[in-house]
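This report describes selected local features of one protein chain. Please consult the sequence and the structure shown below while reading.

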Amino acid sequence: MDTKLLKLLLCIITFLFWMKGKPQIQKDSSPANSAVGIKGDRFNQYFVSSLVADAPGSKWLVINNRNNYGKNEYRLANTINGKSEVLPLAFSYTFLDKNNLLISSKEGIIFKELKEKKEILIKGKHKYEIFPDVKKVLLFNSLEKQINIYDFSGKKIFEQNHIISYDMDSGIKTQKKSDRNEILFYTADHYWKQLNLQNFKTCNIKTETPIIKSWKGKETVYGLSETAEGILLSQWTPDSKNVTSQKIDFLAGYAIDMNALRASKLQEERFLILYLRKLIVDKSDPLAVEIRYSNRSDTTPDRSPKFGIYDLKERKWTFSLEDEKTFTSYKWLSDKGDFIIYNKDENGIDTLSNPRYTLTFVSEYGLKKKVLANPYINPLNFLFLPEAEHMLFFESGKWRVQNLKSGKIKTLPLDNSLTWILEHYSGLEDKPAGKALLTNEKGKIWLQEKYDLYEWDLFTDKIKRLTFGREKHIKYTVSSDLLQNGIVVAGKNVLLEMENSLSNHFGLSYFDKGKTTLLYWGKEAVYNIRESGENLLFSIQGYENPLNIMKYQGNTTKVMYKSSGKDGEKLKDRKMEVFQYPVGKITKKAVLLYPQNYNPEKKYPMVLNIYENISGKANYYSIPDLYDTGGFNPAYYTHKGYFVLLPDIHYELENKQSIIESVESAVKGALKIGRIDPGKIGITGISFGGYEAGLIIGRTDIFKTAVIGVMIADLPSHVMSFSKLVGGPDYYRTERNQTQMGKSLFESYDAYLKSSPLYYAKDVKNPVLIWTGVEDDNVNPMQSAMYYLGLKRLKKPAVLLRYPKEGHAIITPKNRKDLGLKTFQWFEYFLNDKPAPDWIKPLAP
């Protein structure tokens, strides 16, 4: 035989033996990889709607209708006659006034006059700024270095070329509000110029160096420029032809951070707050050894731009970046030079989801410093009272206050029978039930309890109850959407959001002078609250109803716009039922979604979707598609003949039996309500829900199958690993966050094992589908692989899907369709007696 032919035959035989020994990893090439849905589906008719913009008075609205089948439509709706028209696709839509709409599109800026139906297109890429008081729009073309100013109809009024930089009047705090946003400063052709947008009067003066940032004081204009020798602050009185300059020496090794230039401020025409960057030549070796220290934080370092404060009067830095040696992070408290500095490395072991630090209070633009009693930097945990010179803070489940002058601390005289701590995660995070709010009355603070709002007077120490929701399980919270500068103004209506945590009802009310006035109460969730002229506009929607836009005017609430939620034929009724179920002495809520065209004479399969308090999924209208990033869309399943159960879960420290008891009790409750086949119930969950689902199927046999995504399988290895998302170890999420272990692995090793799904794999009785993204930076993909390998070693029926170039959620449309379809086919085969698709057949008996 020919030698070459013999070698070829030997290679072929070797290859065949090698292939025989390779693991059976199947590359999927089935239609599932390209299918949009199941044959016969017509769900592309459905869409979700949202309010994008509204004109003053609410006559005109811009509505977006979209779905995952390719629909993305923006419509201009007339709420008076009910008519609407399609708008061009754009980046943004902004009403300039009652009858003029500005559209920022790929082609350019469109001025659309709604009354006369006229349009003007300004081609090119523009950044725009709107000045409603003077009815002007500024367009800046960075490529052509050109500024143009238009009126609201699109008529050009002003043009300037060769722009080096421009800045709007930043508003020195001594300046009157009525004078702001009318002055444009810009540098062009070596001239520093000022333009009044009200009367278009201009004045200018020549400068040696370009001005890169401007501020307007009472009479003087201030300009910032950067030279090789340092920073130059120029001062110019527009009536004068003279410019005076003051040189500010750079801090050694620093330069102006141009990316944070807009955040730089001039306060009181004296204190210059500059964001600076270190001048560091990167000589790091990408192959150098990485060094970590056990007494320092492993989390991602704070990369916020750092600042220095320069006193123009005293000609010195009152707060220097050299102080960075003792702090790594900061938080501004006021516009009067008050801020906090701290060192993130203090949380060296990274065990707290709400980290504790030594906080230093810095006041008077860096001149004074004082260590605070408050250890938390989380904005929920503290409130600065500038006028009273006190710091309110929440620690160890109690509100306390520190006098910043004397340093004295006292605990607020609150009723300890009420729930002031945030119960989520069993209170392990030590956060309050809600944010404390300043009022315009000196020393008076609003505090949030689990259900109600209370007012505390710093000076009299009296506590006053403002709302009465506890008795009816209604939680009142101050709506942040309309709260100006975070301050509650006495004598003015305060908008409160309401929620019944058991019945799943939502509402809005006004609070004024001790009384509440109800604006809305219903089953649909409230969101997107905004003022439109003198009216209040808000959106409502729920699983059973698509978007409604409501308007409250003159003590009356009415529907301004109603989305159909579906093209063509009328949207069929959807049905859901909210019920309560017991877990020991605790009462929890669950939502049961009914199959489309429900027949009480027929029994249906059911899928339980689990993830913490998941009943909130029913608060929003969704379309039935297979594009969910987690592979499971309840609306798709109900439209295909399934019940879907969404239970809120009860948690206890270390004891994960409460999760099992919650699920078993919720399923019992659902079986009493709907015609559910008890032999055809499945469970699905992703992330922490995947962890829960994995724990459940090894400890109860009420589920015929499970689909589990991006799960945690083994707590010991999970907690002792680095999380790319966290930027450090996963201690805190396990000990004091979602997993709620309460103790470290070394303090409670047995509890960690008992709380790990992997160690119950031997008790799994039914098939499991597991999926993960190969590049998941939230939960290590090896966790899903470990669970699969455990089931494989035990000869349990399981399939593992590994999606390349995907993370914790599936983002690529092709992969989202594939995961959604595979999940549905899995449940169809194991719960609905449908034939196995090709990709399941290797597992099928």
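The model examined here is predicted. Ile 377 has a relative accessibility of 12% and therefore counts as buried. The residue belongs to the loop that links β29 (368–371) with β30 (382–385).

If neighbours within four places in sequence are set aside, Ile 377 is in contact with Lys 331, Ile 340, Tyr 342, Pro 355, Tyr 357, Leu 359 and Phe 382. Between Ile 377 and Phe 393 the separation is 16 residues in sequence, and their C-alpha atoms are 9.8 Å apart in space.

Asn 778 is situated in the loop between β55 (768–773) and α8 (782–793). Because its relative accessibility is 16%, Asn 778 counts as buried.

The side chain of Asn 778 forms a polar contact, at 2.7 Å, with the side chain of Arg 733.

## A nonpolar surface patch

Which residues form a nonpolar patch on the surface? The patch consists of Val 289, Ile 291 and Tyr 293, which together present about 360 Å² of accessible area.

Tyr 293 lies in the loop between β23 (271–278) and β24 (306–311). With a relative accessible area of 47%, Tyr 293 is classed as partly exposed.

## Strand β13 and its partner

Strand β13 (residues 163–168) has five buried residues out of six, so the rest of the structure largely encloses this strand. Its pairing with strand β14 (residues 183–188) is antiparallel and comprises five bridges. Within this pairing, Ile 163 stands opposite Ala 188 of β14.

## Helix α4

How many of the ten residues of helix α4 (residues 688–697) are buried? The count is ten of ten, and the helix is described as mostly covered. The buried residues of α4 include Phe 688, Tyr 691, Leu 695, Ile 696 and Ile 697. Also among them are Gly 689, Gly 690 and Gly 694, together with Ala 693 and the acidic residue Glu 692.

Terms used. Residues are numbered from 1 along each chain as its sequence is written. This is a predicted model: local features need pLDDT of at least 70, side-chain atom pairs count only at pLDDT 80 or more; totals for chains, interfaces and linings use all residues. Side-chain values use heavy atoms; hydrogens and water are left out. Helices (H or I, at least four residues) and strands (E, at least two) are DSSP runs, numbered from the N terminus. Buried means under 20% relative accessible area, exposed over 50%, partly exposed in between (1.4 Å probe, protein chains only). A polar contact is a pair of N or O atoms within 3.5 Å; within protein, one must be able to donate a hydrogen and the other to accept it, and residues adjacent in sequence count only if both atoms are side-chain atoms. Patches are made of residues with over 30% relative accessible area and no salt bridge: like charges are joined within 9 Å, nonpolar side chains (Val, Leu, Ile, Met, Phe, Trp, Tyr) within 5 Å. Accessible areas come from the Shrake-Rupley method with a 1.4 Å probe; for residues, only the protein chains shown count as cover. A salt bridge is a side-chain nitrogen of Lys or Arg within 4 Å of a carboxyl oxygen of Asp or Glu. Two strands pair if DSSP finds at least two bridges between them. Contact means heavy atoms within 4.5 Å.
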